[in-house]
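Hi,

Here is the structure I promised to pass on. Have a look at it first, and then read on for what turned up.

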Amino acid sequence: MDDKTTQLFEPRPLDGGLSRAGAAKPTAEYRTPPHNEEAEQALLGAILVNNKAYEKVGEFLRAEHFYDPAHQRIYSAIAKMVERGQIANPVTLKAYFDNDVELAPDGGASYLAQLAANVVTVVNAGDYGKTIHDLFLRRQLIEVGTDMVNEAYQHDLDIDAMDQIETAEKQLFDLASTGDVRGGFIAFSESLKAAIATAETAFRRSSHVTGVTTGLRDMDRKLGGLHPSDLIILAGRPSMGKTALATNIAFNAAKAHMRSNGGEGAPVGFFSLEMSAEQLATRILAGEAEVSGDKIRRGEIKDSDFPKFVAASQELSRVPFFVDDTPALTIAAVRTRCRRLKRTHGLGMVVVDYLQLLRGGSTKGNENRVQEISEITRGLKAIAKELEVPVLALSQLSRAVEMREDKRPQLADLRESGSIEQDADVVMFVYREQYYLERAEPARRPEETEDKYNDRYANWQKRYAEVHNTAEAIIAKQRHGPIGSVRMFFDGQFTKFGDLDTTHDFGPTE
């Protein structure tokens, strides 16, 4: 036994006395790892008597989950034969274990007959399997804990304490993921009940939205809100307003949750990998107080603006909106922090700004960026399913958009990986034609007549007036609904999106 391992044993004084200099050294108490030999024997015997008992445990129980090495080999042999469609009993397995050294102390192959003979019932096979699996997880927890303690005692200059914590959290999450024996088929009647309950919830809400509201009327109608377990990708070129729209949606959801006492909306966890929490707060405050964020940064604030700040901040402080601006997070760290937030404050929606700034866990640097992005999108989808919340992730688009005459984004423009489109339940693009028109103001061409130039300029002015202060959310993919475009109002001064009322009026949204 090495010195690292002995650190985990608890010294106990002999005869209840205290350990002193010159006295006998205390002995370390040896504790046997958790296991249940009787449960292992009962399960193996039950399967040997009736191979149908294997169906109750075959989905989650593996040979390595057994504590006794001999039991591991017996279970492995049984599993192989049953899965081949052959009968596994003491007679058919005898040839496998006639010369098994591990079974020799127990009587060799005759041990199989003893296991089968001592079976009282096969009804409890599933419970035995879960007991064996639970004890295996406990042994794994001890191993993780041992590694944590021993690594903490080591002073490695290349690995700091936070790296060790993240590694331990990942090991625990992986153990929890592989250790969950729940799942399997669900009766369709149960699924129908859940679907009807969802429809009833939407019917009772004034907004008639089944998911988390975006706070934008037309977008809610197109999407039905943001649904739990969905990965929503919001993409766009720089300066299109990706962060502004994501912030508006997230804050609207958190504000709806506060105002409805939890009836609508959701508590939001916002991972701001590009902007600091302070910058994000300034942007939200500017939008709510309707004071230009640029003026706030430059200090050009009027005395009349401060009452607006006070009124806005009083409401903002009560909104369940949580920001994490840690740069270059790994997808494992995002998962861990989401689980922690849900446990401590509740969580109904996650926003990531933006996914290309996340890091994968298995790839290093830019060795395979496509593979890393695939890992990140799969991880975000897994977070959405595990926590049953919508995950809204922002994404960049390739420069191919700028090369086309029609600047509207397409699915093929998603940058670096086709897995983004594949894993996402919804893909939306933010598009502002005004941005491109401002940079394409007509200039008079050589040898162009004044009348022709005036006509061209008038057409530009007309189009600019039509799209001024507007934006589009182009829904290019929706797994559960129609695709299409949603036009929105956009106020660049306050970086704020809202409902656009030009040809219709549906009344107030609240």
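To start with, how are α2 and α5 oriented to each other? They are roughly perpendicular, a label used for angles of 65 to 115 degrees (under 35 is roughly parallel, over 145 roughly antiparallel, and the rest oblique). The contact between them is made by Gln41, Leu44, Gly45, Leu48 and Val49 on the α2 side and by Tyr111, Leu112, Leu115 and Ala116 on the α5 side, where contact means heavy atoms within 4.5 Å. By class, that contact has seven nonpolar residues, two polar ones and no charged ones. Here Ala, Val, Leu, Ile, Met, Phe, Trp, Tyr, Cys and Pro count as nonpolar, Asp, Glu, Lys and Arg as charged, and the others, Gly among them, as polar.

Two packed helices are described by the angle between their axes and the distance between the axes. For helix α2 (residues 37–49) and helix α5 (residues 110–117), the axes come within 7 Å and cross at roughly 90°. Axes are lines fitted to C-alpha atoms, for helices over the stretch in contact, with angles from 0 to 180 degrees between N-to-C directions.

Before going further, a word on what you are looking at. This is a predicted model, in which local features need pLDDT of at least 70 and side-chain atom pairs count only at pLDDT 80 or more, while totals for chains, interfaces and linings use all residues. Residues are numbered from 1 along each chain as its sequence is written, and side-chain values use heavy atoms, with hydrogens and water left out.

Now the overall picture. The protein chain has 19 helices and eleven strands; these are DSSP runs numbered from the N terminus (helices: H or I, at least four residues; strands: E, at least two). Among contacts in the chain with a separation of 6 or more, 68% come from residues 24 or more positions apart.

Back to Leu44, which sits in helix α2. Leu44 is buried, at a relative accessible area of 0%. Leaving aside neighbours within four places in sequence, Leu44 is in contact with Phe66, His71, Ile74, Tyr75, Ile78 and Leu115. His71 is 27 residues from Leu44 along the chain, and their C-alpha atoms are separated by 7.8 Å.

What about the inside? A nonpolar core is a set of buried Ala, Val, Leu, Ile, Met, Phe, Trp, Tyr and Cys residues joined through side-chain atoms within 4.5 Å. The largest one has 77 residues, and Met219, Ile233, Phe321, Met349 and Leu380 touch the most other members. Helix α10 (residues 242–259) gives the largest share of this core, nine residues. There is also a second, separate core of 30 residues, which includes Ala39, Val57, Tyr111 and Leu115. As for Met349, not counting residues up to four places away in sequence, the residues it touches include Val212, Leu226, Ile249 and Leu392.

Rings of Phe, Tyr and Trp (its six-membered ring) pair if their centres lie within 6.5 Å, with planes under 30 degrees apart counted as stacked, over 60 as edge-to-face and the rest as tilted. Phe66 and Tyr75 make a tilted pair, 4.9 Å centre to centre with 40° between the planes, and both are buried. Phe251 and Phe321 make an edge-to-face pair at 5.7 Å and 75°. That pair links distant parts of the chain, with Phe251 in helix α10 and Phe321 in strand β5 (residues 321–324), 70 residues apart. Ring pairs also link Tyr453, Tyr457, Trp460 and Tyr464 into a cluster.

Most residues other than glycine have a negative phi, and most peptide bonds are trans. Ser229, in the loop between α9 (217–223) and β3 (231–236), has a positive phi of about 75°. Ser239, in the loop between β3 and α10, has a positive phi near 75°. The peptide bond from Asp353 to Tyr354 is cis, with omega near 0°.

Cheers

How values were computed:
Buried means under 20% relative accessible area, exposed over 50%, partly exposed in between (1.4 Å probe, protein chains only).
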